Each structure stands twice: as C-alpha cells, then as structure tokens.
Amino acid sequence: MKTKLKNGFKKVRKWIKKHKVLTVFLILAAVVIGIYFRLQRAGQEMAEALSQMAFETGEVSYRDITSTVNATGYVRSDNSRSLTTTLMNLEVTGVNVEVGDKVSVGQALVSFDTEDIEENLADARESLNVSQAQSGLTVKGAERNLADAVGSRDYQITGAMKDLDYSKTTYEDAVADYHDTVKELEEKRKEEEDRKRDRDDREKDMDRAKDRLEKAWKEQSGSGLSPDLLDQINEGTVSGNEILENIAGAFDTGAVTAAQAEYQTASADYSAAAADYEKAKAEREALESSVDAKKTAMDANYRTYDRAADTFNNTVRMQNSAVAGSQDSLTNSRLSATIGSQAQENQVETYEKQLEKGILTSPINGTVTAVNVKEGDTYGGGVIVTIQDCEDFIVEAEIDEYDISDIKEGMKVLFKTDATREEQLEGEVTFVSPVPTSAAASSSAMGSGSATSLTTGGGKATYQIKVAIRTATDRLRLGMTAKMNIVLNEVEHVLTVPYDAVQTDENGDTVVYVLEQTMDAEGKTTQEQRPVAVTVGTEGDYYVEVSGDGLEEGMKVAIPKEEAVDLMELMMTP
C-alpha cells in the first residue's frame with residue numbers, strides 16, 4: 001500500500017515539474033475561486049442585512065377609518081343685512097337704535113321727513129280718480145254695443161237656423177219619398193216581368209190546346225162535317241148542342257168535346273194573364289213617371305236646402321264678425337282706459353312706496369352692528385344700518401381646488417375654536433360654490449363679513465363652502481377662526497394597514513408584502529416577503545382600508561424605509 005502511495009507521489013511530482021506553468025495557473029485559479037465564494041457569501045449576508053434594514057413592519061388589523069379634508073374657516077352670521085333706501089336728499093328725523101341693540105322684524109330703525117311725498121301722493125290720487133271716471137264711461141258704452149251685437153247675432157242666427165232646419169227636413173222627406181218610389185218601381189218591374197212570363201206561358205198552353213182540338217176535328221174529317229162548321233167550332237161561335245144536332249149520329253164526338261173544353265179553358269187563362277200583364281205594365285209606366293217627378297222635386301229641395309245652408313253660414317260669419325268688432329272695440333276701450341290711467345297709477349304707487357320707505361324697518365331679528373346716520377343728516381346714499389343675526393352662525397371656508405371636488409352638500413364637519421377650547425363641534429356642509437374665489441378676496445370677506453366676489457387670482461383656485469353649525473353653544477362670536485375636518489367617508493371595523501404598506505409591484509398591481517418566517521435546509525430562520533394583491537378602500541390620515549384573498553387580521557406587512565432603499569440603490573449602481 002505504501003509502495004503504491006510513493007509511486008503515486010512520484011508521478012505527481014514528475015507531472016508538476018513537467019508542467020510548471022500550468023500548475024501555477026491552477027493554484028492561482030483555486031485561490032481566486034475561493035475568494036469569489038467568500039465574497040459572494042459576504043454579499044449575501046450584507047444583502048440580507050440591508051433587506052432587514054430596508055423596511056419597518058406593520059400589522060393587518062381591524063379599525064374604524066375616517067377620511068377627512070382639513071380646512072380653516074371663519075364664523076359668520078347666517079343672516080346679515082346692510083340696509084339702504086332709494087330715498088335721496090331727505091332729512092333724517094329720527095334714529096331709534098344704537099350699535100349693540102337687539103331688534104326684531106318690522107321694528108322702526110330710522111325715520112325721514114316725508115311731508116313733500118305726502119302732498120305729491122294726494123295730487124296723484126286725485127288725477128287718477130278723474131282719469132278712471134272718464135275711462136269708465138267709455139268702457140260702459142263699448143259694453144252696451146257689445147251686448148246689442150250679441151243679441152242681434154243670436155236673433156239672426158236663430159232665424160237662419162230655423163230656415164235651414166225646415167229646408168233640411170223637406171229635402172230629407174223628398175229623398176225618402178224618392179227612394180221609396182224607386183223601390184216600389186223595382187218591385188213593380190219585377191211583377192210586370194212575372195206577369196209577362198205567366199201570359200206567355202198561358203199563350204203557349206192555349207196554342208197547344210188549339211192544336212189538339214184541330215187534330216181531333218181532322219181525325220173526324222171523313223164524317224161529312226162541312227168546313228164552315230169546323231171554322232165555327234174553332235172560333236167558338238157555335239154551341240155544343242148545335243154541333244151535336246148537326247153531327248148527331250155522324251161520328252164519335254167524345255175526343256173533340258174534350259179537346260174543345262181544354263182549349264176553351266186555356267183560352268180563358270190566357271185572357272186573364274194578358275189582362276194582369278197589361279195592368280202591371282200600366283202601373284209600372286205610372287211609377288216611372290212618378291219617380292221622375294219625385295227626383296225633380298228632390299233636386300229642387302236640395303237646392304233650396306243648399307241655399308239655406310249658405311245663408312246660415314253667411315249669417316253666422318257676418319254676425320260673429322260684428323260681435324268680434326264690438327268685442328275689439330270694448331278691448332280697445334279697456335286698454336285705452338288702462339293706458340290712460342297707467343301713468344297716474346304708477347305715480348301713485350311710486351309715492352306710496354316712497355312714503356313706506358319714510359320709516360326704515362328691520363327685515364330680520366338680530367343685533368345692530370353699525371349705524372351710519374344721525375338725526376338732522378341729509379341722506380345721500382350708502383349703508384344706513386347693518387343688522388346681523390348673532391345667534392344663528394355658520395362657518396365659511398375656502399377649499400383648495402385639489403380637494404373641492406370631493407366635498408358635497410350634506411357632509412358632516414367636525415371643528416374646534418379657541419373659544420370652545422377642546423370641545424369638538426359638529427356641523428354640516430350646506431353650500432359648495434361652483435365658481436372660484438381668490439384667496440385675497442376670501443380673506444378680506446371673512447374679516448369684514450361682506451360677500452365674496454368672483455375674481456381670478458394667480459396660483460391655485462379656492463372655492464367657498466358654508467357649514468351649518470349643528471352643536472348648540474353660546475361661546476361662538478362673529479369672526480372667530482375654526483379648525484375644520486370635513487368628513488368625506490367613514491367606515492367601521494374594516495381590515496387596515498399603514499398607508500405606506502400599500503405598494504405597486506412590477507406588473508402595476510396594488511399589493512402589500514406579507515412577512516413570513518421560513519427555515520432553510522441548515523435550520524437557519526429567514527424572513528421572506530410574500531406579495532398579496534389588495535383593493536384599497538377608504539383612506540385615513542395614517543391607515544387605509546384594504547381587502548384581498550388571504551389577507552387576515554394579525555399578519556405582519558413590510559413598510560419600506562426610504563433611506564434604506566436609497567442605500568441599496570447606491571450600492572447596486574456601478
């Protein structure tokens with residue numbers, strides 16, 4: 001065994017001597033590889049250390065979240081009036097209030113000298129009465145004319161209507177009579193045709209009976225009967241007894257007698273049928289004449305009815321036109337009366353309104369905050385008295401354009417003032433301006449109590465909101481500053497994570513990285529981050545509502561540290 005080892009070492013030494021350069025290269029390569037693996041391990045350890053330094057931890061937990069917009073507002077009066085009057089150059093005869101006085105609706109505040117207005121009002125009323133009396137007479141005359149026109153119209157139209165009704169009835173009767181006669185004529189024509197066919201049938205029967213009679217005589221022609229007797233028999237001018245006497249014993253008369261009887265019967269039937277036909281024909285001819293006459297009468301009655309209808313329509317048109325003319329005359333009279341006295345009525349109304357304004361009264365309940373006139377002054381314009389409701393306040397604020405779209409009427413507002421200390425008051429958004437106001441205009445308005453005006457300012461736009469105060473308190477005063485939280489949304493008992501724990505992965509999905517402890521094959525414990533896709537809900541000041549499959553209360557989530565991330569990026573930058 002030892003011998004084999006020695007022999008092996010000898011071979012190695014010989015190979016090394018023979019390959020010195022290659023041997024040196026292999027040794028250097030082994031050293032480099034060893035250094036590489038030690039540096040790689042050191043890098044992994046440093047990366048793990050930096051990974052632990054790169055984030056803080058948060059926890060998935062149930063919380064109530066309130067999303068708010070913060071703003072600074074000012075306490076204002078919800079009802080403020082700056083009182084003026086249109087009366088000019090009148091002497092102030094009395095000032096009944098001072099700053100700080102509480103006043104009620106309708107209470108007299110300031111009075112003016114109105115003696116000249118009272119005199120002008122009396123003159124205007126007298127002029128108005130005269131004008132109205134004159135106009136009244138004109139209108140009454142037009143009303144009488146209209147009444148007469150209406151009476152005449154009704155009388156004329158009634159008469160024309162009677163004529164129209166009579167001619168219509170006459171025409172309708174003629175139409176009915178004509179159609180009845182036409183119907184009767186049709187029936188008579190049918191009857192005539194039936195009679196004619198019956199007559200023709202009877203004539204044929206008679207001709208056949210005659211032929212049989214002649215045949216019977218001819219069969220007995222050898223009996224010695226004379227032709228004259230045969231003619232007399234055929235003509236029926238000889239009686240049966242005479243025939244029998246002349247031919248008694250000459251031949252058998254039975255067949256001739258029967259034929260003669262048949263012929264005589266057929267001849268009588270024919271004569272009767274012919275008479276009926278002639279009668280029906282005569283009646284039909286008479287009805288045809290009657291139909292022609294009744295059609296002529298019907299046409300004449302129609303023309304009479306048509307003329308009556310034209311007369312009625314013309315009467316209605318003319319009479320209505322006359323009434324309309326009278327109505328127009330009445331309307332013109334009334335308009336003239338109205339226009340004629342309008343100037344006087346306007347003047348009276350003007351003086352009455354001026355007289356009413358001779359005493360300035362309060363339109364609201366409130367407190368006098370400014371009095372700008374004194375007794376003996378001559379008023380030339382401007383605010384006379386300012387009244388504000390100091391018991392019903394609101395809070396006004398200017399909201400940045402970034403937040404204004406999220407604020408809606410009806411939202412809850414929580415606010416504090418220095419005067420109310422730590423007490424949190426509650427309010428409700430009652431107005432959101434659709435147009436912007438400049439920061440300068442709003443600041444000045446909050447301090448002075450005047451309405452803000454629409455302007456354009458540099459920088460970001462702001463929008464005014466108004467908040468009604470729902471918490472009762474007696475510590476608020478005009479102009480106080482209010483720190484406000486406008487509640488956009490409130491949710492209760494929802495899963496939340498710290499706001500910075502919500503991240504975006506390389507696919508652009510919203511995730512949180514859940515921390516999990518794992519153990520490798522060597523038994524070493526490491527902490528890994530598992531991404532969980534989430535949907536973000538209500539956002540608070542620090543926490544945000546999240547939901548997602550596999551997300552449970554108590555899980556730890558990673559919150560990246562900006563400084564650690566920057567260090568890792570710096571080290572990885574070549």
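**Entry 1: a starting question**

Which residue in β7 does Val 110 stand opposite? I looked it up, and the residue is Leu 360. Before going further I noted that this is a predicted model, where local features need pLDDT of at least 70, side-chain atom pairs count only at pLDDT 80 or more, and totals for chains, interfaces and linings use all residues. I also noted that residues are numbered from 1 along each chain as its sequence is written, and that side-chain values use heavy atoms, with hydrogens and water left out.

**Entry 2: the whole chain**

I counted eight helices and 21 strands in the protein chain. Helices here are DSSP runs of H or I with at least four residues, strands are runs of E with at least two, and both are numbered from the N terminus. The chain has 574 residues, and 30% of them are buried. For burial I kept these cut-offs at hand: buried is under 20% relative accessible area, exposed is over 50%, and partly exposed lies in between (1.4 Å probe, protein chains only).

Then I turned to contacts, meaning heavy atoms within 4.5 Å. Among contacts with a separation of 6 or more, 77% are between residues 24 or more positions apart.

**Entry 3: the sheet with β7 in it**

Back to my starting pair. β7 belongs to an open sheet of four strands, ordered β7-β6-β4-β9 with antiparallel pairing. Strands pair if DSSP finds at least two bridges between them. At the edges I found β7 (359–361) and β9 (378–379), each pairing on one side only. Strand β6 (residues 108–112) is joined to β7 by three bridges, and the two run antiparallel.

**Entry 4: a second sheet**

I found another open sheet of four strands, in the order β3-β10-β8-β5, again with antiparallel pairing. β3 (80–83) and β5 (102–103) are its edge strands with a single partner each, so one side of each has no neighbour in the sheet.

I walked across the pairs one by one. β3 meets strand β10 (residues 385–388) in the antiparallel sense over four bridges, and Ser 80 has Gln 388 as its bridge partner in β10. β8 and β10 also run antiparallel, joined by four bridges; here Ala 370 is partnered by Thr 386 of β10. Lastly, β5 pairs with strand β8 (residues 366–371) in the antiparallel sense over two bridges, where Val 103 stands opposite Gly 366.

A reminder to myself for viewing strands: in a regular strand the side chains alternate between the two faces of the sheet.

**Entry 5: Val 373**

Is Val 373 buried or exposed? Val 373 counts as buried, because its relative accessibility is 14%. I located Val 373 in the loop between β8 and β9. Leaving aside residues up to four places away in sequence, Val 373 touches Val 92, Val 95, Val 110, Tyr 379 and Ile 384. I was pleased to meet Val 110 again in that list. Val 95 is 278 residues from Val 373 along the chain, yet their C-alpha atoms are separated by 7.6 Å.

**Entry 6: two helices side by side**

I then looked at helix α3 (residues 115–219) and helix α6 (residues 254–356), whose axes come within 3 Å and cross at roughly 170 degrees. Axes are lines fitted to C-alpha atoms, for helices over the stretch in contact, and angles run from 0 to 180 degrees between N-to-C directions. That crossing makes α3 roughly antiparallel to α6, a label for angles over 145 degrees. By class, I read 50 nonpolar, 29 polar and 33 charged residues in the contact of α3 with α6. Nonpolar covers Ala, Val, Leu, Ile, Met, Phe, Trp, Tyr, Cys and Pro; charged covers Asp, Glu, Lys and Arg; the others, Gly among them, are polar.

On helix α6 I picked out Lys 279. Lys 279 is exposed, with a relative accessible area of 54%. Its C-alpha atom is separated by 9.2 Å from that of Arg 195, 84 residues apart along the chain.

**Entry 7: a loop residue with positive phi**

My last stop was Asn 89, which has a positive phi of about 60 degrees although it is not a glycine. Asn 89 sits in the loop between β3 and β4 (90–95), and at 62% relative accessibility Asn 89 counts as exposed.

Key. Parallel < 35°, antiparallel > 145°, perpendicular 65-115°, else oblique.
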